[in-house]
Amino acid sequence: MLLSGKTVSIAGIGAVGGFAVEMLARCGIGHIRILDFDTVSETNINRQIIALHSTIGMLKTDVMKKRILDINPDCHVEAFPEVLTDENHYKLFDGADIVLDCIDSVGAKISLLSDAYHSGIPIVSSMGAALRRNASLVRTADIMDTWGCPLARQIRSGLRKQGVGKGIESVFSPEKVDFNYIDPDEDEEAETAESGRKRRVLGSLPIVTAVFGELMADLALRKLLPNGTLDGRAEGNARK
């Protein structure tokens with residue numbers, strides 16, 4: 001089957017990346033690569049599909065790999081429990097039909113997107129989902145055509161400096177967010193970022209991050225399937 005012969009790489013198995021992987025696994029992607037250095041923490045439970053009390057302390061890549069294989073035992077899963085750096089981009093790129101960027105570290109994100117663009121590797125990217133409340137506002141566009149998202153503005157600026165133009169699809173939300181006022185009940189404890197350094201984590205609504213992840217998977221499937229169309233059938237179920 002078409003999707004069983006495709007290879008998809010995902011950088012970042014968090015709130016957005018986890019849902020993206022879930023959808024791709026259930027659609028029957030035959031080869032999935034996942035890269036994330038982090039472990040599941042209690043603060044992940046509100047928004048990450050792999051975060052449960054039973055998985056706290058486990059590597060996210062280990063939990064996600066087990067989940068993928070429980071969905072589709074025929075899937076070939078490669079798990080890289082490591083920090084994303086310029087030196088390991090090749091692990092995501094080699095033979096990949098498409099790469100999904102689901103990380104939130106600005107520098108690492110710009111580097112990954114730029115490297116993929118100049119290497120001719122198809123890639124889609126998730127912009128900022130934190131503090132958004134209205135899932136109906138989440139949409140897709142070329143990253144150079146996004147608006148209303150502070151993270152997207154930073155990424156666009158950084159990419160232009162790297163000589164990157166149009167050609168990278170993204171998921172974003174133009175919902176206005178007041179980053180100057182953070183509700184203490186929504187602000188989570190600091191956790192480690194992709195760079196390995198501590199960072200402040202903004203609260204995320206699981207409904208919004210799930211939509212981000214599902215649209216990331218949708219963009220990937222539209223690029224993988226003939227004419228960019230979906231017929232509504234999940235190949236994973238069609239294997240029966």
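L100 touches V8, S9, I10, A11, A20, L24, V124, M216, A217 and A220, leaving aside residues up to four places away in sequence (a contact means heavy atoms within 4.5 Å). The model is a predicted one, so local features need pLDDT of at least 70 and side-chain atom pairs count only at pLDDT 80 or more, while totals for chains, interfaces and linings use all residues. Residues are numbered from 1 along each chain as its sequence is written, and side-chain values use heavy atoms, with hydrogens and water left out.

L100 also turns up among the residues with the most contacts inside the largest nonpolar core, together with I10, L24 and I32; this core has 40 residues. A nonpolar core here is a set of buried Ala, Val, Leu, Ile, Met, Phe, Trp, Tyr and Cys residues joined through side-chain atoms within 4.5 Å. Buried means under 20% relative accessible area, exposed over 50%, and partly exposed in between, with a 1.4 Å probe and protein chains only. β1, α1 (15–26), β2, α2, β4 and α6 each put in at least two residues, and α6 gives the largest share, nine residues. Helices (H or I, at least four residues) and strands (E, at least two) are DSSP runs, numbered from the N terminus. There is also a second, separate core of 28 residues, with A108, L112, I123 and I168 in it. In soluble globular proteins, nonpolar side chains tend to be buried together.

Now for the sheet. Seven strands make up an open, mixed sheet, in the order β3-β2-β1-β4-β5-β7-β6; two strands pair if DSSP finds at least two bridges between them. β3 (76–80) and β6 (139–142) sit at the edges with a single partner strand each, so one side of each has no neighbour in the sheet. On average, neighbouring strands are turned by 20 degrees against each other, direction ignored. Angles run from 0 to 180 degrees between N-to-C directions, and axes are lines fitted to C-alpha atoms, for helices over the stretch in contact.

β1 (residues 7–11) and β2 (residues 31–35) pair in the parallel sense over five bridges, with V8 partnered by I32 in β2. Helix α2 (residues 60–71) packs on the sheet, touching β2 and β3, and its direction makes about 175 degrees with that of β3. Helix α6 (residues 206–224) packs on the sheet too, touching β1, β4 (98–101), β5 (123–126), β6 and β7 (169–172), at about 160 degrees to the direction of β7. β5 and β7 run parallel over three bridges, whereas β6 and β7 are antiparallel and joined by four. V171 in β7 has S126 opposite it, and T140 stands opposite V171 as well.

On the charged side, the whole structure has eight salt bridges, each being a side-chain nitrogen of Lys or Arg within 4 Å of a carboxyl oxygen of Asp or Glu. One of them joins E22 and R67, with the closest N and O atoms 2.5 Å apart. E22 belongs to α1 and R67 to α2, so the pair ties together parts 45 residues apart in sequence. E22 is buried at 3% relative accessible area, but R67 is partly exposed at 28%. E22, R26 and R67 are linked in a network of salt bridges. R222 and D218 also meet in a salt bridge (2.9 Å, N to O); being four residues apart in α6, R222 and D218 are separated by about one helical turn.
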